[in-house]
Amino acid sequence: MRVSAIGCAALLLVAVGACGGRESGGDAGTAASGRCQGQQTTGITDKSIKLGGIYPLSGPASAYGDIPKGIKAYFDYVNAEKGGIGGRKVEFIVRDDGYQPPKAVEEARRLVEQDQVFALFQTLGTPSTTATWDYTNQRKVPQVFVATGASKWGTDAAHPWTIGWQPNYVSEARVYAQYLKTEKPSAKIAVLYQNDDFGKDLLGGFKKAIEGTQLTIVAEQSYEVTDPSIDPQMRNLAGSKADVFLDITTPKFGSQALAADVRNTGWNPLHIINNVAASITVLKPVGFDNVQGVVSSSYYKDPNDPTWATDAEMTLYKQKVKQYAPGADPNIPYLTFGWAVASSFHKAMDAATCPTREGLRDSVRNLRDVKIDMLLPGVTLSTGQGDAFPIESMQLMTFKGQRWELFGQVIDTRKEFGPLTG
């Protein structure tokens, strides 16, 4: 795998030689010696790295269960064909929390205390990650590239061991607001949102972004992840006769909202669906003919987009998913997401000064325009002092025919809207 900077690989080799893995004869929980003296080496040796992921493999958000398949395919490929990461084979242990925060806490403890993982890599969902980050930070266990765009992962200084990866929900909301200011500057907007930190974060960012404009929110409805259906909420929103429908949902409810929009024949708003529910697997059950013109945003390459048909990374991805994840469909974007975030972890470990928990913690907060081949051209990983958001660029897209079609330019929300602060 290519490294973002030529010096990173050399730096890692120097660090490994100076720090070693664990001390000779040591067990899990021991510390490094030499240049990295005292730093934690639980879960990492000279030959292996043990990571733990927590996902809703069951329950209302089980569509996200495709993400770890993409991650595991990447790690299995690197292990078999590249000698692992820095010569270390990656073991990726996946636990199911059913999208239930108490279960996420239980699984985090199990991964840290029983499996003794080096790091938690990808805890999915704002509620689940919120439930676990006090624990991981008290234990000084890296909780890196969490699968949620909550803005607090990048603005909260009290949890230095936790960091996000994908664009934060407030920045995503700003992109939609900017689009509407241009395309429908006096639009009346109806909003459906998940009644938790995820939904409230994106909605709050959107409300702030439309302050001082002619855009107005005329109806709001929330739902609980335990709700069997959002049909009552959708009927209420349809009654508002809004011009725009902002759909802040997870996959199950995204499909329901799209289907309800189709059934409400007397209401035909511009439908904007947030990125985390924009997978083709969400739209397909509704019927592609029924979702034409829906708008969303993205930051990584869509495996269904012919733009990337001859792209080297997409070609590699599709080959290796078929080889290392037999039965998985490489055209499901959640697998592509998994491949991209696993590649990002690879780059972060390559750039770590020390192969330790502290080294990983510091590396992910000191990324400098790191290129990840599965991200859209112009989208890179960048973090630094006062900026703990790895990805803050995205591009709008609209659904046409049987796929998403990108339009406009990649929007760097740092430059366009200024930094996001706590």
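Q143 sits in strand 4, which covers residues 143–146; strands here are DSSP runs of E with at least two residues, helices are runs of H or I with at least four, and both are numbered from the N terminus. With a relative accessible area of 0%, Q143 is buried (buried means under 20% relative accessible area, exposed over 50%, and partly exposed in between, using a 1.4 Å probe and protein chains only). Neighbours within four places in sequence aside, Q143 is in contact with L120, T123, T129, T132, W133, T136, W161, T162 and I163, where contact means heavy atoms within 4.5 Å.

All of this comes from a predicted model, in which local features need pLDDT of at least 70 and side-chain atom pairs count only at pLDDT 80 or more, while totals for chains, interfaces and linings use all residues. Residues are numbered from 1 along each chain as its sequence is written, and side-chain values use heavy atoms, with hydrogens and water left out. The protein chain has a mean pLDDT of 92, and 93% of its residues reach 70 or more; pLDDT is the predictor's confidence in each residue, from 0 to 100. Over residues 1–28, though, pLDDT stays under 50, and the model has 59 contacts beyond four places in sequence for that stretch.

Next comes strand 1. This strand spans residues 48–55 and is largely enclosed by the rest of the structure, because six of its eight residues are buried. Strand 1 pairs with strand 2 (residues 89–96) in the parallel sense, over eight bridges; pairing takes at least two bridges found by DSSP between two strands. Within this arrangement, G52 stands opposite I93 in strand 2.

The loop between strand 1 and helix 2 is where P60 is placed. P60 counts as partly exposed, at 24% relative accessibility. Residues up to four places away in sequence not counted, P60 touches G98, Y99, V225, K252 and F253. P60 and V225 lie 165 residues apart along the chain, yet 6.6 Å separates their C-alpha atoms.

Helix 2 (residues 67–81) packs against helix 11 (residues 312–324) at an angle of about 90°, with the axes 9 Å apart. Axes are lines fitted to C-alpha atoms, for helices over the stretch in contact, and angles run from 0 to 180 degrees between N-to-C directions. That makes helix 2 roughly perpendicular to helix 11, a label for angles of 65 to 115 degrees. On the helix 2 side, A73, D76, Y77, A80 and E81 meet L316, K320, V321, Q323 and Y324 of helix 11.

Note on methods:
Angles under 35 degrees count as roughly parallel, over 145 as roughly antiparallel, 65 to 115 as roughly perpendicular and the rest as oblique.
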